Protein chains: 2
Amino acid sequence: MFEAAELHRTVSKKEFEAAVPELRTQLLAAQRRLTKSKRQVIIIVSGVETAGKSDVVNRLHEWLDARGLSAHAFWRDSDEERERPRYWKFWRKLPPRGTIGIFFGSWYTQPIVERVYRKTSKADFDREMQRIVFFERMLAQDGAIIVKLWLHLPKDEELARLGRKSKWGPEAKKYAAHYDRFASVSDRAIRSTDTVEAPWKIIEATDERYRDLTVARIVLEALEGVDRPIPQAAATPASQLTGPTVLDNVDLTKTIDDDHYDRKLSKLQKQLRDIAWKQWEEGQSSVIMFEGWDAAGKGGAIRRLIAPIDARIYRVISVAAPTDEERAQHYLWRFWRQIPRAGSMTIYDRSWYGRVLVERVEGFATADEWSRAYREINDFEEQLAEHGIALVKFWLHIDPDEQLRRFEERKSISWKQHKITEEDWRNREKWSRYAEAVHDVVTRTSSAVAPWHLVPANDKRFARLEVLRTVVDQLS
Amino acid sequence: MFEAAELHRTVSKKEFEAAVPELRTQLLAAQRRLTKSKRQVIIIVSGVETAGKSDVVNRLHEWLDARGLSAHAFWRDSDEERERPRYWKFWRKLPPRGTIGIFFGSWYTQPIVERVYRKTSKADFDREMQRIVFFERMLAQDGAIIVKLWLHLPKDEELARLGRKSKWGPEAKKYAAHYDRFASVSDRAIRSTDTVEAPWKIIEATDERYRDLTVARIVLEALEGVDRPIPQAAATPASQLTGPTVLDNVDLTKTIDDDHYDRKLSKLQKQLRDIAWKQWEEGQSSVIMFEGWDAAGKGGAIRRLIAPIDARIYRVISVAAPTDEERAQHYLWRFWRQIPRAGSMTIYDRSWYGRVLVERVEGFATADEWSRAYREINDFEEQLAEHGIALVKFWLHIDPDEQLRRFEERKSISWKQHKITEEDWRNREKWSRYAEAVHDVVTRTSSAVAPWHLVPANDKRFARLEVLRTVVDQLS
């Protein structure tokens, strides 16, 4: 594959100087169009060690407008990064819409390096590459323009450059000894991640002028793609439900008497307190997530859940409208940014499932968007699970009559009045469409690592105990 | 001081249950008013170890709306936190306007603990308390309502509780042995930070119902303060300049010939490259900041500065309009959030001085706001310096004729046309008012740790060399 980048192409100083003014003008004009668009550009700068990755980034800083341009390196993980799934550090640096983000040592670095030194198997490596393909496609479908640059040097050139030591960082020489192995692993990485949404560009980097002009032209071409349509997956057709949904199987007659409730609640809360402290000491995190009908009792269940836990350990996140920084990113970004450090318990009152529930039913997301979200969510939860984060997902289920009773009650209790709005009444009318959406959510995202728990909640107290019991059970 | 919190006050179950419904209604109503305001509430929960701080936070979660409520604990610094000035971890958790942030183990914890164990002197401790007073006043003047709760237990009660071990976290028992010393250091902390803007409330915590009702009433009172005027310092009168400004002392005739320029530039860039690698290896950070007239050559100087540096080490931040998350915070917040990790070099194209330059001249900040900003900025820079971050500040100076020449030139060079806007022409007309503002900046914020460098920039190349020379000099 690298043969095409060993053709000894060069650009003379004269050619270079003749080409630059026009190129800069075009780059700046294209960047200004990007600024006004809803798209973001991700430039991955990778390649062999002495090919001038840093020089290329400096050149882009020189030719582009520094406003709306950020560059990020990933060479030492902080403990905050180590305490979270591996992709967290990339998510936190993704450029907002309208801007350009340059990534050194992107998501490719670790899989390649680990494979070169045989710390991972070929199967692990291939699996990582598939994760990358999925990740890049997800970003591309969200509007990201992804430019992947691979700067190549022939072996003799690379070794000669490493001989001239002083300029290169501490890591460089180590790689030299493994040139061939790096080349073959990189070749495999490039082949398996060279997609329509995020194609690789291999650049002959021996001649600096040729390299810089080529990079600039590739970046220009990418920037000019801002007006082209965003690649979309064919939407999976929505299920055509006619029969019962999974919610019809929930036994809403379940109930509990006062005496049992108090005793069991107190017992479960004590267990949970001990579990939370233990998790804290062991650095084990958990995410507990609540979805459910309006007035199903999410708030009450959450309050009983946190009551016994030291308030320094848990955090309750009520999902509200995204901020503009959040809207400038993929919809999962705001959930990634909230992933807790080790030992914490994060409780979500509503969650990333909004994409396939309210956004689907209300039409805030297109069919393309919500139908691909199931897989995006499964992948997200899988990454949490792989990192050892326990995930417990609840749907609190009530029937329409019980909801009506609670709405009426809310109107009459002073401190509950704020909880009932016009919107709640409107949502009620879409009951069956929400039920369909819930059915799809449960059947498509109940995985072994993150199963759904459908909790009968017509009896609030039964539901609270059931929630506590499930959490204690899952976290033990 | 704690005697007033040893009066054995209690609330019966009956009284408690009678009071709660009304109180919850009021709390929720007040919280909704806060949501719509431009103010934020900071609740600091502190006090002796077994007084129920965590229970109080749980109670607030129960009685308030979890939307717009966040709680933060600070008990293990991450390396990302250790690599930055101590207050960084507090700044990153400050609640946005319209919301409530609960702080456990706030900025008080470390100074108190260190003083108890005599790791710091009394003078150090007092200085820390003064920093706190300044910090809290700054937030209060920005609209923050600060509630500081100190939960108190008499000594015998505290020791009895610690005897009943299991419930308390690992740290608690260690404190018990030092009860008296903690009491006296805390007493001093409270006295010296009990201000009009951020008064302390000492709460007798023996009886849980009394404690929780009292806390809720204090929080309610604070929330209801949302409509009261924001405390303002008397504005320092603007200097009445009639004579020359510091800019008049800058020798704009300085120039350099081509030959010297190329040789010196290349020599300085080599030095800078070595310095940057060395700083990286030693974990030494630096911040290099550029202010200056429009068209003074900031961009060009920055490009020559970064050219020799490995792109993984530096980051260029062009200060543009704040995002809504940034506008929901004190104006310094967005600069705090960008403080680099150890070993990095951050280059600012424009900076926090916008507050006392453009915002002052254009009237975007009130006289109150910009005139107190000098001290806020000095304090901010002092914290950077104390943490060992090198700070180099440049004002690139040109005269109005040279500016006009460059504006005209920009109109005629294709890739520079985007750099010249109507606004630039308008700013030109306010030259003398900007000059006054610059004079005030230089005289009021040129400190020993962060002096200003006024660079003659009528000759661009002279200015670039001067910038490089100064950076090399300051960072060596």
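## Basis of the model

Helices (H or I, at least four residues) and strands (E, at least two) are DSSP runs, numbered from the N terminus. This is a predicted model, in which local features need pLDDT of at least 70 and side-chain atom pairs count only at pLDDT 80 or more, whereas totals for chains, interfaces and linings use all residues. Residues are numbered from 1 along each chain as its sequence is written, while chains are lettered from A and ligands numbered from 1 in the order in which they are written.

## B:Ile218 and its surroundings

B:Ile218 belongs to helix H10 of chain B, which covers residues 208-224. Leaving aside residues up to four places away in sequence, B:Ile218 is in contact (C-beta atoms, placed from the backbone, within 7 Å) with B:Val147, B:Leu149 and B:Lys201.

## Helix packing in chain A

In chain A, the axes of helix H1 (residues 13-35) and helix H10 (residues 208-224) come within 9 Å and cross at roughly 30°, the axes being lines fitted to C-alpha atoms over the stretch in contact, with angles from 0 to 180 degrees between N-to-C directions. H1(A) and H10(A) are therefore roughly parallel (an angle under 35 degrees), and H1(A) passes H10(A) in a left-handed crossing (the near helix turned anticlockwise from the far one by less than a right angle). Among the residues that meet are A:Phe16, A:Leu23 and A:Leu27 of H1(A), and A:Leu213, A:Val219 and A:Leu220 of H10(A). By class, this contact of H1(A) with H10(A) comprises 11 nonpolar, two polar and two charged residues (Ala, Val, Leu, Ile, Met, Phe, Trp, Tyr, Cys and Pro are nonpolar, Asp, Glu, Lys and Arg charged, the others polar).

## A sheet in chain B

Five strands of chain B form an open sheet in the order S7-S8-S6-S9-S10, with parallel pairing (strands pair if DSSP finds at least two bridges between them). Strands S7 (314-318) and S10 (452-456) of chain B stand at the edges with a single partner strand each, so one side of each lacks a neighbour in the sheet. Neighbouring strands of this sheet are turned by 20° against each other on average, direction ignored. S7(B) and strand S8 (residues 345-349) of chain B run parallel and are joined by five bridges, and B:Arg315 stands opposite B:Thr346 in S8(B).

Definitions and conventions
Parallel < 35°, antiparallel > 145°, perpendicular 65-115°, else oblique. Contact = placed C-beta atoms within 7 Å.
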